[in-house]
Each structure stands twice: as structure tokens, then as C-alpha cells.
Amino acid sequence: MSAPNSKRGSYFLITPMALVFAIFLVIPLLTIVVVSFWDYDEYRILPDFIFENYSYLLGSSVTWQIYLNTFKYAALTWAFTLGIGFTVAYFLAFHVRSLTWQIILFMVCTIPFWTSNIIRMISWIPFLGRNGLLNQALMGTGIIHEPLEFLLFSDFAVVLADVHLYTLFMVVPIFNSMMRIDRSLIEAARDNGASGWATLRHIIVPLSKPGIAIGSIFVITVVMGDFITVRLMSGGQSASVGLQISNEIGLLQYPAAAASAVVLLITVLLIVTALLRLVDIRKEL
Amino acid sequence: MVRTREKRPTAFYILAAFFALFVLFLYGPMLTIFILSFQGENGGLTFPMNGFSFHWFVNLFQQQAVGDFGGSFLRSLKLGAIVMVVTVVVSFMAGLAFRRRFRGDTFVFYLAIASLIVPSILISLGIGLLFNIFQIQPHWYSSGLGAHLTWTFPFGLLIMFAVFNRFDPSFEEAARDLGASNWQTIRHVVLPMVAPSLIGVAMFSFTLSYDEFARTLMTAGSLNTLPLEIYGMTTNVTTPVLYALGTLTTVFSFVIIGLAFGAVLLLRRRKAIG
């Protein structure tokens, strides 16, 4: 048989993608690892083999606080996106009866995803600000007399924006898993006298696990590496690992940024490896 | 069995209300900046509206001191278009390759997954360092393009997986039995069948690139793309011109989504007629 049917054909077809990953993913990550052992002064980075970047990073209590803070953001965002995402997906998959409506409502959820994340963060400012809608409304109804200050530029704002941006990452894979659940299982459960809750707990949740795992991987990795949301929404008052790296880049301390990056990468990979034990991604497509 | 319309359980109404709140949560803030972008000339960043005007939209195109809105918009447009074309072609090829097993297929697959989960700032830093060490000047169309492709390829590949997992190979076999060459089979049988999904890949990759920020940060070179420009504006612009920009780019994103859907519908209709 001619080319495209042979293994050679497959190699030819996969080469462009493999090359791009090699040049713009693998080599850059290796570069980061190498540079994390380099030295630097105010002007340049100097090839070397030192462990100072790591010993400084891991020896500083600031680093541990920043990691703790980042884990806090990740855990809170994960909990909220999972709760909201699961509920929304459950509604769409089991309570909306016609396929047309399922598609329409699903599209309504996904459309904001196609717009700029930064704009979506900015859009909270007129809502949460000191003179924002929420404070105006609360003060108008007399519930509070002073504007609430914690709404914008706070941890609250960071988690709110993260949940706003990333809940879709939970909805899509969980909805996908739920749509594959054989409906006769649910009828069987009902015929045998299972309540709605029992069906949810013993059939739907276990069978939605792959979707939950994929969504969790997405949300946790995105929040672990995020720096824009933290910078914009905390108004520079909080830190995250990503923000620390971005600050070091800004100061041209590349080897220090590289060491932070390596530690972050290892952390993220450990989390993902743990989650991947729950799901075989290739089977889920 | 006679199908009667079942009465909806109470849970339905509770869940429907929850869903409605979720939609409000998604769209509410965007709606506020949309309204506020028509703020009057003396109006501020929050309500109340101080009149109604197009002042801030006009301002956006005049005020070159703040930044280079037009230039960065065009750059993002060009970059998005290049990323789109490359992603569609390369993902389609890779999708075909993965239809049979080859040595290293699992490795390439996990590279794609890795590309998706490695924090974007690491891609930015890595490519930036690489170019720095080899003293290559970064540009949006070289390092920037590469950085964006590491983001769009995984999505493209995963979509192609989903497509080819459900693809019936008997059409191709029929084409081959009728004497079609490999290229003819792909061109006249496979390609028309997967065309709607390829439009999906195209829309996905364009918008992902058009909105990408973190991966562009250290790879765009001296000229900004639109998200970098917007980000710069968030720190030093305190007028509703920021909202005007937000409204414009959002409207633009919606136009792209609309065009993609229109194209898919057109393809479906042509298929139904033909």
C-alpha cells in the first residue's frame, strides 16, 4: 500500500506537531531546568552550576507562604467550580429533556469562554468596587451603612474571578461523562425503588468520575500557574507562585524565576499524576 | 405505551433556578461593562450613568498616547489567523496519523496533554530564555506563534480524536474499492465529512490565540498583541475607555463565533441538499 496507509505515513503526518512540541515545549522546559542552576547579576545571566537559586527559594519562608496561598486559591476554586459545575451539568444532562434545548443551554454556558479573560476580570470592577453596584444596592436597602471593602482587591475577588472564568472547565467534561451514562441504569434504579438522591449517589456520581477528574485537572493546573487573576483582582495585595515567577521575570532574575518554575512544574505534575490515576483520558474522547 | 407528559419534579425547578443564577453570574458583569462603555463624557468607572455617548469609543481610536490599540489589534488578528490555519492543517494531519498505532504515539499524546497542563507562564519563560540564550530576537510571528501553537494544538488534537473515534471507515473503504487514490479518498470523502469539526478547530484556535496573554508575555518581542495592550491599560487607564475596548473585543469575539456557526450551518444545508 502507498504512503498514508503505512507507518511511514503516520510518521510523516505526525512530524509537524511533534516538531512544534519539541521546539516550543520540550526544549524550552529543558532550558528552564538548565538555567535554574545558573548565576546572574543585575545585567545578565551567567552559565554556571550552582544550587543557590534553589536553596534561597526553598529556604525562604516567603516561598512557603506563597505556596500555601496558591494552594488555598486552588482548593477554594476547585471546590466551588466542582459544586457549581456538577450541578449545572446534572441539570443539563438529566433535567433538560429535549436535545435541542440541551444544545442551546450548553452553548449559553460556553459562549463567555470565547471572550477575553482579562476583560472578564475587568468586568467585575463596576460590580464589586467601593462605589460598585453591589455596595450601592446593599447600602440602598439599608443592610449596610459603610461600603464593604473586601469585595474588590482581595482574596474573595481572586476566587470569585477564578470561579467565574473556569467553572466551564468543569461543566464540559462532567456533562460529557453524564451524557454517556446509560439511561436504562437510571430507570432500573428507579424501578427498584431508589430515591433521586440514592440514584445520584450510587449511579450518577460514580459514573461521572472521569469527567470530574478531567475538570479538576484543568481547574487546578490553571489556578496553580495563574498570575494575572491574582495580580488584577487582589490589587497587588496577595501573591501566588505564578505571580512570584512573573515578578522575577520583570526584574530580569531569570535563574531565580527558572528555579521557581521548576518547583511549580514538579508540584503541578504530582497533582496531575495523582488525578490521572482516576481516569484514562484517551478513552474519554 | 402511551407517552404522557410526565410532571416535572420539584428538583427540576430548584435546579432551573440555580442554572438561571449561573447564567446571570456568567453574563451579568459583562453586561455592566457593556452598558458602562456608553458612559457620558464626564462619567466615571462605575454607575450612575452620566449621560449616554460614544465618546469612549471615539477616544479609543484617537488616544494614541495610551497605547497602540489599532496596531496591536491588527497584530492579534494576523497572529490569530496564522495560528488558526496552522492548527487546522497540523491537527487534521495528526488526527489521521493517530488512527493507527505507531511507535511513539503515546509519547506524542502525552506531550499534547503536558502542553495543556504546563502553566502558561512556564512556556513563556522557557521560550523567552531559549531565544535570549541563542540571541535570537523574539517576535510575535516567531516565538509568539510557537507559544500559541503549544496552546492550540492540544485542543485541536483532542477534537480530532473525538471526531475520528466516531468515524465510520466503511466510507473510505468504499471509495478505495471504487479506485480512489489515498489523496482522493482524503480530499473527497474524509475531508467533507469532518469539515464541520475542522471549522470548530479553526474557531477554537483563533479565539484561544486572540485572547492569549500569559504565553505571549515573554514571546511577543517589542510589539504588543491586543491582550498585552489591554493588560497594560488596566494598570494605567482609569476611564471608561477600558470598557469601550472590552465591549469592542467581546463583540468581535461574538462575530467570530457567529461566522463559525454560520459556516457549519451552511455546510450542513449543502450536505442535506447535495
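Here are some notes on this two-chain model, point by point.

1. **What we are looking at.** Keep in mind that this is a predicted model. It scores ipTM 0.88 and pTM 0.88. For chain B, the pLDDT averages 86, and 95% of the residues score at least 70.

2. **Chain B overall.** Chain B has 10 helices and 0 strands. Going along the sequence, that reads as α-α-α-α-α-α-α-α-α-α. The C-alpha trace spans about 75 × 70 × 35 Å along its principal axes. A compact globule of 274 residues would have a radius of gyration near 19 Å, whereas chain B comes out at 24 Å. Of those 274 residues, 42% are buried. Take the contacts in chain B between residues at least 6 apart in sequence: 78% of them join residues at least 24 apart.

3. **Chain A overall.** Chain A holds 14 helices and 2 strands. Its C-alpha atoms fill a box of roughly 80 × 70 × 30 Å along the principal axes. Buried residues make up 42% of its 285 residues. Among contacts in chain A with a separation of 6 or more, 69% come from residues 24 or more positions apart.

4. **Helix H4 of chain B.** This helix covers residues 105-117 of chain B, and its 13 residues should span 18 Å at 1.5 Å a residue; the end C-alpha atoms are 19 Å apart, so the length agrees. Leu111(B), Ala112(B), Ser115(B) and Ile117(B) are its buried residues. As a reminder, an α-helix has 3.6 residues a turn, so residues three or four places apart point the same way. What do the buried residues of H4(B) pack against? From chain A they meet helices H1 (7-35), H11 (209-225) and H14 (254-276), and from chain B they meet helix H6 (140-165).

5. **Helix H4 of chain A.** The helix with this number in chain A runs over residues 99-110. Its 12 residues reach 16 Å from first C-alpha to last, close to the 16 Å expected at 1.5 Å a residue. H4(A) is hardly covered, with a count of 1 buried residue among its 12.

6. **The nonpolar core.** The largest nonpolar core has 144 residues, and the ones touching the most other members are Ala258(A), Ala261(A) and Leu125(B). Helix H8 of chain A (residues 155-179) gives the most to this core, with 15 residues. Look at Leu125(B) in particular: leaving out residues up to four places away in sequence, Leu125(B) touches Ile32(A), Ile245(A), Ile249(A), Ala257(A), Ala258(A), Ala261(A) and Met218(B).

7. **Two backbone spots in chain A.** Most residues other than glycine have a negative phi. Phe153(A) has a positive phi, near 55°, and sits in the loop between helix H7 (133-140) and H8 of chain A. Is Phe153(A) buried or exposed? Phe153(A) counts as buried because 20 C-beta neighbours lie inside 10 Å. Leu252(A) also has a positive phi, near 60°, and belongs to the loop between helix H13 (241-250) and H14 of chain A. With 15 other C-beta atoms within 10 Å, Leu252(A) is therefore partly exposed.

8. **Met193 of chain B.** Met193(B) lies in helix H8 of chain B. Why does Met193(B) count as partly exposed? Because Met193(B) has 15 C-beta neighbours inside 10 Å, while a buried residue needs 20 or more and an exposed one has 12 or fewer. From Met193(B) to Thr234(B) there are 41 residues in sequence and 44 Å in space, C-alpha to C-alpha.

Definitions and conventions. Residues numbered from 1 in each chain as written. Chains lettered and ligands numbered in written order. Predicted model: local features only at pLDDT ≥ 70, side-chain atom pairs only at ≥ 80, totals over all residues. Helix = DSSP H or I, 4+ residues; strand = E, 2+ residues; numbered from the N terminus. Expected span 1.5 Å × (residues − 1). Contact = placed C-beta atoms within 7 Å. Rg over C-alpha atoms; globule rule 2.2 N^0.38 Å. Core = buried A, V, L, I, M, F, W, Y, C linked by C-beta atoms within 7 Å. pLDDT = per-residue confidence, 0-100.
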